Amino acid sequence: MKDYEGFPPLHVVRAEDSFLYTSDSRRIIDAISSWWCKSLGHGNLRVSQAVKAQLRKFEHVIMANTCNDVLVELSERLCAIVPELSKVFYADNGSTAVEIAMKMSLQYHRQCGSPERTRFASLENGYHGETVLALAAGDCSLYSSPFKSLMPEVRKIVGLPYVSGPNDEGWEDMGDDGWENIRSSLDEHAGSLAAVLFEPVLQGAGGMRIYSPDFLGRLSSWASANGVHLIADEILTGFGRTGRMLACMHAGITPDFVCLSKGLTAGWGPMSAVLTSDIVYDCFYSDYNDGRAFMHSNTYCGHALSAAAALEALKIYEDERIVESVSERGDELVGRMRRIAENTSGALTNVRGLGFVAAADITNPDTGKPFPAEMRKGFECYKNAVALGALLRPIGDTIYFLPPLNTPENILDKIAEITQDAVNSVIGG
Ligand SMILES: Cc1ncc(COP(=O)(O)O)c(C=O)c1O
């Protein structure tokens with residue numbers, strides 16, 4: 001809050017397409033899709049009409065013991081994305097979707113033959129949300145350290161095969177040595193694990209890191225051989241962000257649970273969904289008094305306005321070939337970041353990109369090393385960029401672009417120009 005004294009919040013009065021309009025008549029490009037959710041930009045007309053049409057019918061009714069056309073069609077369309085996962089459970093935010101998947105996995109093992117499977121593993125540098133289980137699954141101490149006393153221990157898989165993107169030679173093959181180290185540490189706990197959680201291929205809040213999908217292929221074989229569930233957190237990566245409808249598709253794997261949010265409604269409403277299989281579903285299906293049901297409910301699960309937005313967003317992704325266009329345009333986005341690195345004399349290193357995400361780390365050009373974190377170079381860069389007209393919001397000293405998936409070229413150019421000026425002024429000054 002103290003930061004706001006010198007850097008007041010933007011007073012937004014309107015948002016449209018790529019732009020935020022402020023009360024002091026500024027127009028600011030939203031270069032990070034409002035925390036990664038506005039996949040079609042602000043105020044998309046078709047989504048807006050779908051939400052208004054739903055509003056004329058009803059805005060929300062209890063989801064227990066009711067159904068409606070929008071939710072039925074949405075569920076059918078979501079399940080068609082991963083044909084092996086034919087069941088959907090709705091909630092109202094990403095963190096809760098992660099909690100639901102973890103709870104479901106735990107309860108599945110408890111009542112379907114492996115009650116000893118009570119632990120979870122997840123990836124170094126992962127992020128899965130802010131509720132306590134999701135914090136425990138994540139690996140971002142900035143957010144979790146005050147709450148350690150509440151968090152169950154979740155084993156972290158280290159030594160991930162990080163790459164700069166699909167053109168990196170490590171993309172296709174992580175190498176046997178790297179995998180053997182990971183496999184032997186997983187083997188030690190194989191019998192106690194309920195599930196392994198991961199953000200597939202792209203880790204967002206942990207620093208926009210990209211790792212080889214080959215790792216996921218190997219992890220998936222290991223998990224099925226060892227009776228361990230896979231929980232894919234596609235909350236950031238789902239719906240085309242990485243150039244595939246789901247990032248798991250880069251690895252050709254089918255997890256037991258897929259968590260979706262953000263792009264699910266194109267950022268129009270709080271909604272999340274967990275997809276799972278008939279096998280999981282059947283483990284909970286029984287007479288009420290058997291006590292096998294999954295007893296989890298959120299007031300706003302299946303919220304009708306969000307569902308209407310989600311259904312229309314899915315139609316737009318298809319009609320406008322959004323995923324295909326991301327895969328075609330991704331190289332140009334990371335190319336822009338690369339050019340900025342070239343034009344800022346060593347101030348940006350470790351350029352990387354996948355789909356419609358590109359990132360790089362602010363580096364001291366004199367030493368080639370990171371600046372001390374206390375210097376908050378990323379924050380300085382953020383302030384400069386906002387003054388120049390783009391909302392960048394780096395993670396620490398990692399600068400990234402994560403614009404709406406349909407952002408026109410000229411706006412991407414403007415984001416790049418502002419970023420370059422912002423970086424130059426931070427390093428120069
Ligand atoms: C990968 C991932 N998982 C979970 C979450 C949490 O979602 P929410 O903020 O809707 O709780 C986020 C949010 O940024 C995320 O990026």
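Helices (H or I, at least four residues) and strands (E, at least two) are DSSP runs, numbered from the N terminus. The model is predicted: local features need pLDDT of at least 70, side-chain atom pairs count only at pLDDT 80 or more, and totals for chains, interfaces and linings use all residues. Residues are numbered from 1 along each chain as its sequence is written, and side-chain values use heavy atoms, with hydrogens and water left out.

Phe 147 sits in the loop between α7 (141-144) and β6 (155-157). Phe 147 counts as partly exposed because its relative accessibility is 38%; buried means under 20% relative accessible area, exposed over 50%, and partly exposed in between (1.4 Å probe, protein chains only).

Thr 363 lies in another loop, between β15 (357-362) and α13 (377-388). Thr 363 is buried, at 4% relative accessible area. Its side chain makes a polar contact of 2.6 Å with the side chain of Thr 349. A polar contact is a pair of N or O atoms within 3.5 Å; within protein, one must be able to donate a hydrogen and the other to accept it, and residues adjacent in sequence count only if both atoms are side-chain atoms.

The residues surrounding the ligand (a heavy atom within 4 Å) include Trp 36, Tyr 127, Glu 199 and Lys 262.

| Residue, N or O atom | Ligand atom | Distance |
|---|---|---|
| Gly 94, backbone | oxygen | 2.8 Å |
| Ser 95, side chain | oxygen | 2.5 Å |
| Asp 233, side chain | nitrogen | 2.6 Å |

The protein buries 83% of the 390 Å² that the ligand exposes when taken alone; accessible areas come from the Shrake-Rupley method with a 1.4 Å probe, and for residues only the protein chains shown count as cover.
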